[in-house]
Amino acid sequence: MELIKNLQWRYAVKKYTDELVSEDKIDQIIEAINLSASSCGIQPYRLIVVTNPEIRQKLAEGSFNTQILNSSHLLVFAAFNNITSEYIADYVAMMEKKRALEVGALNPLKDAVTSFFFTQTPEQHAIWSAKQACIGLGTALIAAAELKVDATPMEGFDPELFNNVLGLSEKNLHASVIISLGYRDTANDYLASMSKVRLPIDQFATKIK
Ligand SMILES: Cc1cc2nc3c(=O)[nH]c(=O)nc-3n(C[C@H](O)[C@H](O)[C@H](O)COP(=O)(O)O)c2cc1C
């Protein structure tokens, strides 16, 4: 399987060259992320793609991750702060339209999803949304590897700073995880020549037959 080779090739890059990733490749990675599965299928996060150097300079402040500034593109996964019944209604209406169903055909789904979230606090909504964003993060890593674009998934950033600089709070969003994209600086990245470290499969996975 080609995917295994791609996953062996990729690593969390610490130092990038100045080479930029083409917009075509960025768009393919974005499309792959958009195709990620999410619980209830309601995609409770948004993706912000940042290239502006001044904004990235602000975002990188105080973080040990220099890749926030020094990489081709920065993707910010912005998870919902809470799930509203209006959002669920709009999403279900889009499903009905897309699948050429009658208006109201998916009311049972809408009601089930709405009542599920009604029993939860906004904090639980935010945690749940961030978990869904992590699925998108995994897709981004796989898509980037297939395109031979390097990537670094990162939690080492100041979420409050990101929320302020990107104006996320007023959009009911919060920065949950980020990825830099670019091309590895093989000569100057200490990790570039290091072996990938993973558990032996028999310690990692158990087959119950
Ligand atoms: C959610 C998440 C957060 C991470 N945060 C950082 C980070 O802040 N900085 C960093 O350099 N690497 C970060 N990493 C990369 C991991 O350290 C790396 O994936 C792990 O050591 C496995 O190595 P590999 O991805 O190179 O195979 C993060 C990875 C994940 C999945």
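Here are a few friendly notes on the charged residues and cysteines of this predicted model.

1. Let's start with the salt bridges, of which the count is 2. In one of them, the side chains of D150 and R184 meet, with 2.8 Å from N to O. This pair ties together distant parts of the chain, 34 residues apart: D150 belongs to strand β3 (residues 150–154), while R184 sits in the loop between β4 (173–182) and α8 (201–204).

2. It is worth looking at how covered that pair is. D150 is buried at 2% relative accessibility, and R184 is buried too, with a relative accessible area of 18%. For R184, keep in mind that buried means under 20%.

3. The other salt bridge joins E2 and K5, whose closest N and O atoms are 3.8 Å apart. Because they are 3 residues apart in helix α1 (residues 2–9), about one helical turn separates E2 from K5. Both residues are exposed.

4. On the surface, have a look at the patch of negative charge where E23, D24, D27 and E31 gather. E23 lies in helix α2, which covers residues 23–34. With a relative accessible area of 47%, E23 is partly exposed.

5. Finally, the cysteines: searching the whole structure turns up 0 disulfides. For C40, the nearest cysteine sulfur is that of C134, 17 Å away.

Terms used. Residues are numbered from 1 along each chain as its sequence is written. This is a predicted model: local features need pLDDT of at least 70, side-chain atom pairs count only at pLDDT 80 or more; totals for chains, interfaces and linings use all residues. Side-chain values use heavy atoms; hydrogens and water are left out. A disulfide is a pair of cysteine sulfur atoms within 2.5 Å. Patches are made of residues with over 30% relative accessible area and no salt bridge: like charges are joined within 9 Å, nonpolar side chains (Val, Leu, Ile, Met, Phe, Trp, Tyr) within 5 Å. Accessible areas come from the Shrake-Rupley method with a 1.4 Å probe; for residues, only the protein chains shown count as cover. A salt bridge is a side-chain nitrogen of Lys or Arg within 4 Å of a carboxyl oxygen of Asp or Glu. Lys and Arg count as positive and Asp and Glu as negative; His and the chain ends are not counted. The place of a charge is taken as NZ of Lys, CZ of Arg, CG of Asp or CD of Glu. Helices (H or I, at least four residues) and strands (E, at least two) are DSSP runs, numbered from the N terminus. Buried means under 20% relative accessible area, exposed over 50%, partly exposed in between (1.4 Å probe, protein chains only).
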